[in-house]
Each structure stands twice: as structure tokens, then as C-alpha cells.
Amino acid sequence: MVTTETRRRTPTLVVGTILVVLVVLAALVSFIWTPHDALRVDASIRLMGPSGDYLLGTDKFGRDMVSQIMVGARTTLYVGIVAVGVAALIGTPLGILAGMTRWLGEFIMRVNDLVLAFPALLLAIMFGAVFGASTLTAMIAIGIATVPSFARIARSGTLQVMSTEYVLAARAAGRRGLRIAVRHVLPNISGLLIVQGSVSFAIAVLSEAALSFLGFGTRPPTPSWGRMLQESQELLAVQPRLALVPGVAIAIAVLGFNLLGDGLRDRLDPKLAGRR
Amino acid sequence: MALRILRRTAIFVVSVAVASIAVFLFMAVLPGDPAQVALGVNATPELLAQTRHEFGIDRPLTTQYLDWMRGVVTGDFGRSYVTRDLIGPQLVDRLGVTLWLVGAGMVVALIVAIPFGSFAAVRHRKASGTLISGLSQLGVAIPAFLAGILLVQLFAVQWKLLPSGGWTPPNQNFGEFVRGLILPASSLGLVQGAVLTRYVRSAVLDTLNEDYLRTARAKGLRPGQALRRHGLRNAAVPVVTVLGLQLTTLLIGAVVVERVFVLPGLGSMLLDSVAARDLLTVQGIVLVLVVAALLVNFVVDLLYTVIDPRLRRS
């Protein structure tokens, strides 16, 4: 039921959805069409300002900025999807298990705290040192670093569901743990997980940008917003546009997923509307 | 309560031990031989064997680990495989730079978050409050290194007010030290401040609905007075927790910001060591960062028990 309170707060959800759709569209369209070849290097048109043909201008290699941003959106989404996927697939079952068991649960949460001490960026740099820097190592590192968030949220949701009367009824009827987890716990905490997924997606996008900026993420020539920023740094004084364009793209994606997560949370629990 | 502290301390010690083993093993399974890296491809097998012996990497892993840890607790992180210098002293130097940056970033974050967060909470039904909430959302979406790049562009390149990077030690020239720290600390702190603003807002919003605040108003205090005298202290409890946890984020954020501003901190040391494949140094830095994160969590946990008496019973 949509109350007046939630309807009043819906802007978050609407703006978030629009921004996310914008990024997804840019990525999807880039598969079939970009204004120019995003990778074509042409020294004769390097560092051109915005014009009718090159809406956002060209970079120091003469590559079209619009095309690069569009193809870069793919990298961003790709990283987010894999990282959040890894985190959700590992974190959710662990969290539910932790919520349904006593000693094992305690143990899982302790390990969880330990993993939490390895932030995504640090883990990705370590992975990069061992396996070589690439989009894949960055994604997996970000994913593993995000597991604890999912495990925590899944556990707290599970604890709540386990104290309800319908779970008591299911247990009285002799249902086993796995069945309760799948039939009762998972559907009831899926909302929480989707919200967490959206927020984690934003963090993953930020981490990938930072890693590519440091040279531990996406390798050239694959376009990535973080690497576009890094390449822009030496020319900042003369061409701030080179940094602004990918910077705005990153901000749009992160803002979109954050707002989407917030909006969904408000929808699920109107009492919390506007809180965090 | 004593039992709780004892239990938490035990968990902390075990976590540090497990984390150090994890860091050690992670580096040990690394493909590539540090001796080979140090000597180059033309090294003779005899020389390689000798260097391996010198590095101590021809011994069993457990001996290597115990030896490393025995050194680490006394501040001896071993000698770099590449430069052959002692790692410990350099680590301390670099950590100093990073801590200045993190500390200053924290101050900037607080200066931003407390007034704006409280304001947004008090005005949460008005346009001005919503505007601040919106701005904080935008701030969260901007990576610290991007904020840094933009700040350099404005304050260093265009207006030439502040240096675009570099480091002056505080005991050498304090004025230059402060000037050099402003931009890096701001790029780290403004973004973190945006995150913190949302927590301050939510915490203040919670206390605004409390009975004691209504009582204070009933006694004749104006809304601002009531909030300052009774509300903020109560709102501080959750904010302190978040602040503690954000320390870890700041520490990692510093890695990137140091790169933007060419600061000789722990982050740039980490990146340089990775690039040089200086594994023992990488191992030492990662250990310091991870133990710092665990320590912060531990301290926040204990503080929580001290601040909030309700938690002591559990």
C-alpha cells in the first residue's frame, strides 16, 4: 500500500531509477552504436574541444569522449554486477546460516569481522600484486570485500524472521532448517538484500574507479571511467574537461544506485523514510 | 562488563593472529621468486641459492612466519628484498604522514557534518533541509580522488592559493605543512563529511522525537537551545561509532589521495612496493593497515560499552 508519506518520498526512487537507466542505456546502446570508434587513436584531432561532431571533445589520443564514456559504462556495470553477484552468492547463505545456528553463527560472524578488516581497495591491490592487475581481479576482490555486508544484513534479517510465529509453526510442523531457510527466510529478507545490492553496487563502482585510477583495475585500451580520470591528470591545468566528463559519469552512476537503494528501502519500510 | 571486555580482547588478539597468518600466506603463495626479482634473470644458480638463504626464504613456512612475527612485535619488519634497507623505520615515517592526513581529514569531515547534519535534521520538512540532504547524497557519489583533482584545479592551478601537492614535515616549516595539508585533507574529509552528515542528520532526527527534548522545550528552552543542551550529546553515541568505523575508510581513502597529491605516506609506499615487487615491504604495510582496521573496530566496540550502559548487560 502506498501511503501519502511514501508517495511524498518517492522522488528518491524516481531520480535513482532515471540515473541508473541512463547508465544502463549508455552501456547497452554502445554495443550497437557509438558516435565514433571509442578506441580509434587519431593524433590530428587530439584534445579538441566540444563540437557538433565530438559533443564532449576528444582526449589526448584523439579518441571521442562520448564514445569512451558509453563503452566505459559497460565496464562499470560489468564490475558492479560481478562484484555484487559474488558478494550476494557467498554472503547471503552464510548470513542465513549464521542467523539460524548458534555456535557456527558466532564463528561465521567472527570470520566476517576479519574479512571486514581487508577493505576492497587493499584486497584488490594485494590481488593485483599476486595475479596481475585486471578488471577480473578487481571485480573478485571488490566482491569478496563486500561479502561481510551481505552476511550481516542477511543474518539480522534471518534473526527477525526466525522469531516470527509462522516460522515457529513451520518448525512445529517438523520442517527442517534448509526448507525453512528457502521457504520462509529468503523471501522475507529479499527486500533487504536488494537494497543492500543497490548500495553495494554504488560502492563497487567507486572502488573500480579508484582502482583504475591507481592502475590496478581495467587495463588499457578497454575504456574505464577511472582510467580516463587518471589519464586526464597530467593535462588537468589545460584541459579540466578531460577530468570532469568521466567524473560526472562516475557521480551519476554512484548517485543513481545510492538513491535507488534508499528509495527501495523507504518503499519497503515507510517508517524509515527519509532517515538514512 | 569485565567479562565482555575480556572476551572482546581475546577475539581481537585471535583476529590479529589470524589476519597476520592470512597476509603472510597470501604473499608466500605468490608466483615468482623474490631472489630472482632482486638479482635479475642473469643470476647464477649459486648466487640465487645464496640470496634465498640470505632472505631466509629457503626455510619452512612456519619458521619464516614465526620469525617475521617475532620481529614485527619489536618493530623489526625485516629488510626490503629490493633496496635491502630496514622496512620498519620507513614504515613509521610513512605512517606518520598518513596519520596526519587522516586526522586532518577527520577534522574537516566533522566541521562539515555536525552543523549541516543537525541543520538538515531540524529543518527536515523544509526545503533547506532537503537541499542539504540532497547535497550530501551528491557528496557521497564523488570519489575522494576526483574531489582532489577538482580542488587542485581550482585552488592550485586557477587561483594559485595552495600547493598542488608535496609534503613539508611539520617540524621543518609549520606554515607550509598546514598549507600543503589543506587540499588533501579537504578532498578526503569533504566526501567523508557528506557520508557523516547523513548519520548526524539521522541521529539528531531520532533525538528530536525524544520525550526529554519535549520536556526541555516545556521548561522554556528554545528549539536550538534544547537541542544543544540535551539533544546533541545523545545523538553523539551512534555518530561516534560511525566515526570510528569511518577511520578505516579514511585510511584506505588516503592511499588514493596520497597518489593525487604526491604525499610520501603509507599508501604511496604500498603502491611503489607493489610496482617494484618488493614483497616483504608490501606484506609489512598490509599488516599495519589490517591491524589498524581491527584495532579501530576493537576500540569502537569497547567505547560503545562505556558510552551506552544498556550494552553492558549483554
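Predicted model: local features only at pLDDT ≥ 70, side-chain atom pairs only at ≥ 80, totals over all residues.
Let's start in chain B, where Lys160(B) sits in the loop between helix H7 (144-158) and helix H8 (174-208); helices here are DSSP runs of H or I with at least four residues, numbered from the N terminus. The phi of Lys160(B) is positive, near 50°, although the residue is not glycine. Lys160(B) counts as exposed because it has 9 C-beta neighbours inside 10 Å.

Residues are numbered from 1 along each chain as its sequence is written, and chains are lettered from A and ligands numbered from 1 in the order in which they are written.

Val262(B), in the loop between helix H10 (223-261) and helix H11 (266-275) of chain B, has a positive phi of about 50° and is not a glycine. With 12 C-beta neighbours inside 10 Å, Val262(B) counts as exposed.

Now to the domains. Chain B is divided into domain 1 (15-73) and domain 2 (90-313), with bounds from an automatic or database domain assignment. Between their centres, taken over C-alpha atoms, lie 37 Å. In domain 1 of chain B, 11 residues are in contact with nine residues of domain 2 of chain B; contact means C-beta atoms, placed from the backbone, within 7 Å. On the domain 1 side, H1(B) gives the largest share, seven residues.

The largest nonpolar core has 162 residues, and Leu123(A), Val254(A) and Val290(B) are among those touching the most other members. Such a core is a set of buried Ala, Val, Leu, Ile, Met, Phe, Trp, Tyr and Cys residues joined through C-beta atoms within 7 Å. Both domains of chain B give residues to this core, so it lies between them. Leaving aside neighbours within four places in sequence, Val290(B) is in contact with Ala117(A), Phe118(A), Ala19(B) and Val23(B).

That brings us to the two chains. Their contact takes 34 residues from chain A and 37 residues from chain B. On the side of chain A that touches chain B, H10(A) gives the most, with eight residues.

Terms used:
Contact = placed C-beta atoms within 7 Å. Helix = DSSP H or I, 4+ residues; strand = E, 2+ residues; numbered from the N terminus. Buried ≥ 20, exposed ≤ 12 C-beta atoms within 10 Å, placed from the backbone.
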